[in-house]
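Student: I have a structure to read and would like to learn how its features are described. Could you take me through it step by step?

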Amino acid sequence: MNWPLRQEHAWDLSPREAIAIQRELAPMVRQAPLSAPPRTVAGIDVSIRGDVAQPAIVVVDVQSGQVIDQAALRMPVAFPYVPGLLSFREMPALLPALERLTVRPDAFMLDAQGLAHPRRF
């Protein structure tokens, strides 16, 4: 995909370092209405079995309901399972899957805690 995916930090972290990053980034979260209704939405999930992650992304045209793009891959998982730090386990696999998309979605739907997360991130 031709849009930049910024990587703000390394993913090979300890759980303590990951918590510090969450605390640092949480104040940067902004809630604001969309400037226009989304025309495309990407549904995202990551399955992890053993030490293998499999992210899957499906981009849908909201008006027609048609699938207009999709991406999936399999790769090893390096970060341990730690409650509250799931993104550090899933994102290293999800980012390369996002780069495989040819359509830039207007919005994303994913399974996450959002502001209900203990560290609000």
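Tutor: We will look at a helix, a core and a salt bridge in turn. This is a predicted model, in which local features need pLDDT of at least 70 and side-chain atom pairs count only at pLDDT 80 or more, while totals for chains, interfaces and linings use all residues. Residues are numbered from 1 along each chain as its sequence is written, and side-chain values use heavy atoms, with hydrogens and water left out.

Student: Where is the kink in helix 2 centred?

Tutor: Helices are DSSP runs of H or I with at least four residues, and strands are runs of E with at least two, numbered from the N terminus. A bend at a residue is the angle between axes fitted to the seven residues ending there and the seven starting there; in helix 2 a kink of about 35° is centred on Pro 92.

Student: Which residues have the most contacts inside the largest nonpolar core?

Tutor: Nonpolar side chains tend to be buried together in soluble globular proteins. A nonpolar core is a set of buried (under 20% relative accessible area, 1.4 Å probe, protein chains only) Ala, Val, Leu, Ile, Met, Phe, Trp, Tyr and Cys residues joined through side-chain atoms within 4.5 Å. Here the largest such core has 23 residues, and those with the most contacts inside it are Ile 57, Phe 88, Leu 94, Leu 98 and Leu 101. Helix 2 gives the largest share, six residues.

Student: How many salt bridges are there?

Tutor: A salt bridge needs a side-chain nitrogen of Lys or Arg within 4 Å of a carboxyl oxygen of Asp or Glu, and the count is one. Asp 106 pairs with Arg 39, their closest N and O atoms being 3.8 Å apart, and the two residues lie 67 residues apart in the chain.

Definitions and conventions:
Buried means under 20% relative accessible area, exposed over 50%, partly exposed in between (1.4 Å probe, protein chains only).
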